[in-house]
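Hi there,

Here is the structure I promised to pass on to you. Have a look through it first, and then read my notes below.

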Amino acid sequence: MIKIKVIKKGCATNMWKFVLKRIFALIPVLLCVTFLLYVALSLAPGDPARLILGLEATAEHVEQKREEMGLNDPIVTQYLRYLGKLLKGDMGKSYKNGVDVAAEIAGRFPFTLRLAILGMSVALILALPLGVMAAIKQNSLFDNFSMALALLGISLPTFWLGLLGILLFSVALHWLPSGGVGGIKSAILPVLAMSMSCLAGIARTTRSSMLEVIRSDYIRTARAKGLSETTIVVRHALKNAMIPTLTVIGLQVCTMISATVLVESIFSWPGIGRLLVTAINDRDMPLVLGCIIVFTVCFSIINLIIDLLYGSFDPRIKAQYKK
C-alpha cells in the first residue's frame, strides 16, 4: 500500500514538472509572436498618431504626438518598451477610444469562451458516437450517410454556414435571432456554425481509428472470452482509438477559437474575435497585440491539456513525463 502511494506521488510530481516545463516553453513562443506581430503592424501603412488626433490635426501636432508616444524610436526600442509594460500586466491603451486594453479583453473573453465551450461540447457529444457507430456498422447505409454528411461539413466554409443559418432560421422561419447576445437562442446559430466543421473532422478521425483498433487481435480475444459488444467497444476499442482522435480534437479546438473571428463578426457577438477584426480595421496596435497574445496563450494551454490527456489513455505516454 505504501509502495503504491509512493509511485502515485512520484507520477504526480513528474506530471507537474512536465506542466512547468511546457509553461516555460510558452515564453519564447510569446516573445516571437509578439515581436513579429509588432514589427508587421509597425510597418503597415497608416499613422497611429494621426488616428488618435483625427484628420483635422496639423502636421506639427501629429509629429508632437508621435514623439510623445515614442513612435520615432527604432522598432526594437518600441517593442522592448511595450514588453516591459506587458510584464507588469499593462497592455496599453487603445488608440481608437483610449480604453484599457487588458480590461476590454477581460470583459469580452467570457463571451468567446462561452462560444468555444458550447461549440466543442456539441461537436464531441455528436462526433464521438457518430464515428464509433460508423466504424461498427462499416459500409452500411448509416456509415455511408454519416460520412457523406461529415465530408459536407468539412467542405462548407464556416462563414457560409453562418449566413445560411441566418437566412433560413432568422429571416425565413423567424425561429432564432440573427445576432447579438441574449438567451440560449442567441447562441444556437453561432455554436452550430462553429461546431459543424469540428464535428465532421472528429467523426471521420474517430471512425478511421476505430476501424484500425477493432481489427486487432486483442479485440478478437475479448470477443472469444464472451464479453459484450458494448464492453469491448467502450472499455477496450475506444480507449485505444482515442490517441489520434485527441490530436484532431486539439487541432479542431484551436481552429474553432480561430473561427470566432468570423462567427462573432457575422452574428454581432461581442467577443475577442470581433474585437480583433475591429482593431485590425482601425489599425489599433495595442488591441491587436492584446487579442493575439490571448489567442496564443489559449492555443498553448489547449496543446498542454491534450498532452496530459494522452497520458490518461496510454500509460506509456505518461511515463514520458519524468524525462
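N139 sits in the loop between α5 and α6 (141-155); helices here are DSSP runs of H or I with at least four residues, numbered from the N terminus. The phi of N139 is near 65°, which is positive although the residue is not a glycine. Most residues other than glycine have a negative phi. N139 counts as exposed because its relative accessibility is 60% (buried is under 20%, exposed over 50%, partly exposed in between, with a 1.4 Å probe and protein chains only).

Before going on, please note that this is a predicted model, where local features need pLDDT of at least 70, side-chain atom pairs count only at pLDDT 80 or more, and totals for chains, interfaces and linings use all residues. Residues are numbered from 1 along each chain as its sequence is written, and side-chain values use heavy atoms, without hydrogens and water.

S268, in the loop between α10 (229-266) and α11, also is not a glycine and has a positive phi, of about 55°. With 35% relative accessibility, S268 counts as partly exposed.

How do α5 and α11 cross? The axes of α5 (residues 101-136) and α11 (residues 272-281) come within 8 Å and cross at roughly 130° (axes are lines fitted to C-alpha atoms over the stretch in contact, and angles run from 0 to 180 degrees between N-to-C directions). So α5 is oblique to α11 (under 35 degrees is roughly parallel, over 145 roughly antiparallel, 65 to 115 roughly perpendicular, and the rest oblique). E104, I105, R108, F109 and T112 of α5 meet I272, G273 and L275 of α11, where contact means heavy atoms within 4.5 Å.

Happy exploring!

How values were computed: Helix = DSSP H or I, 4+ residues; strand = E, 2+ residues; numbered from the N terminus.
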